[in-house]
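Hi there,

Here is the structure I promised to pass along.

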Amino acid sequence: MVPLPTRLYDHDAAGLADLLDGEPRYRVDQLWDGLYRQLAHPDELTTLPKALRARMAGDEGLQPALTPVASSTDHDGATVKWLFALPGGPQVETVLMHYRDRTTVCVSTQAGCAMACGFCATGQGGFERHLTTGEIVEQIVAAARQARQDGRRLGNVVFMGMGEPLANLDNVWPAVERAHGALGMSARHLTLSTVGIVPGIRRVAAQDLPVNLAVSLHAANDALRDDLVPINRRYPLDVLMAACTEYLAAKGRRLSFEWALIDGTNDRRSDAAELADLARSLPLPAHVNLIPLNPTPGWPTRGTPPEGVRRFRQWLDDRGVNATVRRNRGTDIDAACGQLAARVPRADRGAGAGAGASGSQVAPVELTRR
Ligand code: SAH
């Protein structure tokens, strides 16, 4: 297996100090402050001595990992999606979302995904490679920088982009710690989303930081879930619920279930009843996030229409389960849940067939806020 690249944001403060052997400690602190408090691009750190900047410029290991390939903004300017190229060629997407009261970034944790959920565009494309800690951290830093330019403060990170975070926990967890430590984000505002990797849930439960856990459930009986979310065959619902109970016991915090509403598949009254039973089987009932299924190229079934979504939510409510209907952000730029597939945005695809595979040849697109 090709080793993963190591770049600037892969290093913690001690690692940077080691690498910058010979530089006084206050210089390392200054660099750290520039990267994580000022959110500066390394080229902009003009307060550092020229010699140090030259040293960094000449060392690949002290350069950023992400190359912006394209970015797109949705019709109201509230959602921005970037396509980044990683060393070695894979591409991932990052989505920044401004809400009335908060700003959130959705980061990718793997290039592609091995979980093979049929309704998810990333799953349809298969697995390429894990992201490094630095590649994940750099997405957060890039989003924080953009948010600041937009006059907002990035307050929330959801690890809900491409990939399965708990299948790459060795790299994801240090990124969580960096967001908490260096970027000063509250653990309550960091959310790991998982398809239900039970050993990963247990590992996160054993960590100190009380981050949020979102479990992508989508079905509340094993027969349907085996079909929609193939990893269920390895970690069926009773095993998954036991791990969720452990998580709750360790953190004392409510967790959430994600439920992509698929027309005629998991939006019936009986589905709501089964879901409510599962949500209420936990010591603290789970909160349910309902997401009408977003369209993807490789899945025929539609999302539940708005009336069905309202009805489903009411059924849950009648059974004492709180549910929020997630506003669909970024569907017009394929940036919504399940639509991330690392291809060049529609407007840039032009006539070139297969443009998605050769995205690195596309010039960066200027960010336009309409
Ligand atoms: N692998 C992780 C995180 C990435 S997916 C996980 O499964 O949780 C982020 C969320 O989008 C998950 O809840 C996923 O089930 C959901 N999702 C995937 N495809 C979707 C689609 N086409 N429409 C709506 N939500 C989708």
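**What turned up**

The largest cavity has a volume of about 30 Å³ (on a 1 Å grid over the protein atoms alone, a cavity is a set of points where a 1.4 Å probe fits but cannot get out, and lining residues have an atom within 4 Å of a point; the volume is the space filled by probe spheres set on the points, which are joined across faces, edges and corners). Searching the whole structure gives 1 cavity of 30 Å³ or more. Its lining consists of V211, N212, L213, Y247, R253, R254 and L255, which divide into 4 nonpolar, 1 polar and 2 charged residues.

Please keep in mind that this is a predicted model, where local features need pLDDT of at least 70, side-chain atom pairs count only at pLDDT 80 or more, and totals for chains, interfaces and linings use all residues. Residues are numbered from 1 along each chain as its sequence is written, and side-chain values use heavy atoms, with hydrogens and water left out.

Now to the sheet. Ten strands form an open sheet with mixed pairing, in the order β1-β2-β3-β4-β7-β8-β9-β10-β11-β12 (strands are DSSP runs of E, at least two residues, numbered from the N terminus; two pair if DSSP finds at least two bridges between them). Its edge strands are β1 (67-73) and β12 (323-325), each pairing on one side only.

Best wishes

How values were computed: Helix = DSSP H or I, 4+ residues; strand = E, 2+ residues; numbered from the N terminus. 1 Å grid on protein atoms, 1.4 Å probe; cavity = no way out; pocket = protein on both sides within 12 Å on 5 of 7 lines; lining within 4 Å. Nonpolar A, V, L, I, M, F, W, Y, C, P; charged D, E, K, R; others polar.
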